[in-house]
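Please read them with the sequence and the coordinates open beside you.

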Amino acid sequence: MASVGDGGGEGLSEAPTQRDRDALERSAERADSKRGLLVALPAYAYLALFFAIPFAIVFVYSFATRSRTGRTVLEDWNFDSYARLGDPIVREIALRSLTLAVITTVICLLASYPFAYYIATRRPAIRNLLLVLVMIPFWSNFLVRTYAWRVLLGNSGPISQISQFFGGEEVRVLFTNTAVLIGLVYGYLPFMVLPLYAALERMDWNLVEAARDLYASGWTAFRRITLPLSMPGVVAGSILVFIPSLGAYVTPALLGGARTTLLGDYIVGQFLSARNWPYGSALSVTVMVVMLIAAIAYFRAGAKTA
Amino acid sequence: MTDTAVSLQGVSKRFGEVVAVAGIDLDVADGEFFSLLGPSGCGKTTTLRMIAGFEFPTAGSIRIHGAEVGLEPPNRRPVNTVFQSYALFPHMTVAENVGFGLQMKRVASNDIGDRVTRALDMVQLGHRSEAKPSQLSGGQQQRVALARALVNEPEVLLLDEPLGALDLKLRQAMQVELKELQERVGITFIYVTHDQEEALTMSDRIGVMSAGKLLQVGEPENIYEHPTSRFVADFIGEINLLPATVIDSGTVALLGGHQVGASTGAEPGTEVTVAIRPERFELYDLDEAIPDGSNRIEGTVARRTYYGDVFYYDVDTPAGRIEAKEENRPGVEHYEHGERVIVVWHQSAMAVVKD
């Protein structure tokens, strides 16, 4: 979380000789941080109410016990739910989700980079038009768009029909991991394009010319200059795609099959059908912690290369 | 006779409907410090970019030491550029920046180390080799940009207003340094600037550009003393431009019919402009004796401005308002507002140009 409040943090370390100047600076800083807090207050309140408190409840529930009837008993605190995380079924589901999220991220990255590069190097008017086109899908509901994929990918859907028209076979992708992958890539592509565009749009193209002037070929200039300098966009986009892909629920539920349970499905199942809230909570907490660690590590690595 | 380093023949560049460079012919000699001077939008930077390879000419030929390079990409040209914005790679250290070109040319890595060290020492930045560009001052970044280009020992160094982002003091210091550096390394410099003082103080020769055309090429003194067009006269330094009509090959008539001696090859009756530098005028009392062979016109002092080392006089004459500059030293008489004076100048101090 960004600490919006500590804007004037550098004044103190300068150690001015006069004591009253010191005090003056301190009180100015206090006033500054007070003002900053006031501005950030709505955001803090929102996060507390809709993130911190619910997460705390989930965290507490993960140590609770499930009664025989499926009620959650808030006593006899234990680690039983966490012990179950070692089950082969959990490992299988986690690995499948992870693989799918990684593949989704890589495909999004490979597809988005050239496109973001193309947008960033157009004239401003065309640039804005293309950006609007990227965002148009957001104008309609995600659920509706995912249902549309069910029609498109169905055994008698248009893709299958076109394939058959040209003498091919019936296309059977719906309710497979491939369909989930298509849905995820489709859904999260804009989250990759936009940060990449933002990074490339800030590029100083003089640097690329300088590299070319210093005997670098076009490809080398890209590899040594453009790519490293756009790393912040790559990192931000990857995280924005990877995290929701890992926890995706709607897309796998609508496009995936029964034998391809993913983490999101599995957790929802614990809460709704298995009525095992402590186990569901333990799964959620674990996924969150793992993602947090992964995100921090990735940001660090990205910051180093950039 | 020295060899030609860069030769442009009929080089033009169009961007859609806009003609940025309209047919330039230019030879720059080996080891020369050549400046392209002109206002912004005159095509000087486009010309430089065509020599560097960032733009390809729409027409014409560009040769570097005889080899046609007009359509070669920048990485295949034996030239290096110092950019106005320096364009240092922000994610590399100073040493990595300077070594980049050598690395691309696949020079052996210990050679790279030695040459980078020498190049950084040359610009007195040996101690900052591990710094990132953002940790350097503007002047230091400028030196790194120079070292990064010169370390490759290019046949021609192209400089695009490299001092533009520096403050005045630093700029003046760098002017001297750049010139000395150029004499030491002996590399041909092509220097683009809109600053006439920079061009005059550093260059062996100057090419003045306007609206995509090269108007005049010559040594600084030649450009300053003998402009061949109204634009060049006006653009370089301060100058009085007086409308005149040619009477015969040795005489022109200023406004008000006042005839003065001037050497002109133009047909009698041609409308011309007479260009005279303010410092070439001398002011005399009405009853003072005037040196023989000088041109003269009477006028009234409209304003006197004190600059410390010089006085500027605005003198109203029948030929128009004349600005004269006189040094502030003992023995030079000062005139007051409203005084009648004779403005005197030698015929050789006068350039007659057509518009």
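1. Of the contacts in chain B with a separation of 6 or more, 63% are between residues 24 or more positions apart.

2. On confidence, chain A averages a pLDDT of 87, and 92% of the residues score at least 70. The stretch to treat with caution is residues 1-14 of chain A, where pLDDT stays under 50, although the model has 16 contacts beyond four places in sequence for these residues. Where pLDDT is low, the predicted coordinates should not be read in detail.

3. The largest nonpolar core has 106 residues, and those that touch the most other members are Ile51(B), Val98(B), Ala147(B), Leu157(B), Leu158(B), Ile190(B) and Val274(B). Helix H4 of chain B gives the most to this core, with six residues. Another core, of 44 residues, lies apart from it and includes Tyr113(A), Tyr188(A), Phe242(A) and Leu246(A). To follow the packing around one member of the 106-residue core, take Leu158(B), which, leaving aside its neighbours within four places in sequence, is in contact with Leu48(B), Ile51(B), Ala52(B), Val79(B), Thr81(B) and Ile190(B).

4. Which elements cover the buried residues of helix H2(B)? They include strand E6 (79-82), helix H3 (109-122) and helix H4 (138-150) of chain B. Helix H2 itself, residues 94-104, is mostly covered, with eight of its eleven residues buried; these are Val94(B), Ala95(B), Asn97(B), Val98(B), Gly99(B), Phe100(B), Gly101(B) and Leu102(B). Val98(B) from this list is also one of the residues named above as touching the most other members of the largest core. The helix is followed by Arg106(B), whose phi is positive, near 55°.

5. The contact between the two chains takes 16 residues from chain B and 16 residues from chain A. On the side of chain B that touches chain A, E6 and H2 each supply at least two residues, and H2(B) gives the most, with three residues. By class, that side of chain B has nine nonpolar, six polar and one charged residues. Helix H2(B) therefore deserves a careful look in the viewer, given that a residue is buried if 20 or more other C-beta atoms lie within 10 Å of its own, and eight of its eleven residues are buried.

6. Further along chain B, an open sheet of five strands has the order E15-E19-E16-E17-E18, with antiparallel pairing. Strand E15 (282-284) and strand E18 (320-327) are the edge strands, each of which pairs on one side only, and the twist averages 45° from one strand to the next. Strand E17, residues 310-317, pairs with E18(B) in the antiparallel sense over eight bridges, and within this pair Tyr313(B) has Ala324(B) as its bridge partner in E18(B).

7. Strand E19, residues 340-346 of chain B, has a covered face made of Val341(B), Val343(B) and Trp345(B), while its uncovered face carries Arg340(B), Ile342(B), Val344(B) and His346(B). Three bridges join E15(B) to E19(B), which run antiparallel, and the partner of Leu283(B) in E19(B) is Val343(B), a residue of the covered face. Strand E16 (residues 294-306) and E19(B) pair in the antiparallel sense over seven bridges; here Ser294(B) has as its bridge partner His346(B), which belongs to the uncovered face.

8. Leaving aside its neighbours within four places in sequence, Ser210(B) is in contact with Gly38(B), Cys42(B), Leu215(B) and Phe231(B). The C-alpha atoms of Ser210(B) and Tyr86(B), which are 124 residues apart along the chain, are separated by 25 Å.

Technical notes
Residues are numbered from 1 along each chain as its sequence is written. Chains are lettered from A and ligands numbered from 1 in the order in which they are written. This is a predicted model: local features need pLDDT of at least 70, side-chain atom pairs count only at pLDDT 80 or more; totals for chains, interfaces and linings use all residues. Two strands pair if DSSP finds at least two bridges between them. Helices (H or I, at least four residues) and strands (E, at least two) are DSSP runs, numbered from the N terminus. Axes are lines fitted to C-alpha atoms, for helices over the stretch in contact, and angles run from 0 to 180 degrees between N-to-C directions. A residue is buried if 20 or more other C-beta atoms lie within 10 Å of its own, exposed if 12 or fewer, and partly exposed in between; C-beta atoms are placed from the backbone. Two residues are in contact if their C-beta atoms, placed from the backbone, lie within 7 Å. Ala, Val, Leu, Ile, Met, Phe, Trp, Tyr, Cys and Pro count as nonpolar, Asp, Glu, Lys and Arg as charged, and the others, Gly among them, as polar. A nonpolar core is a set of buried Ala, Val, Leu, Ile, Met, Phe, Trp, Tyr and Cys residues joined through C-beta atoms within 7 Å. pLDDT is the predictor's confidence in each residue, from 0 to 100.
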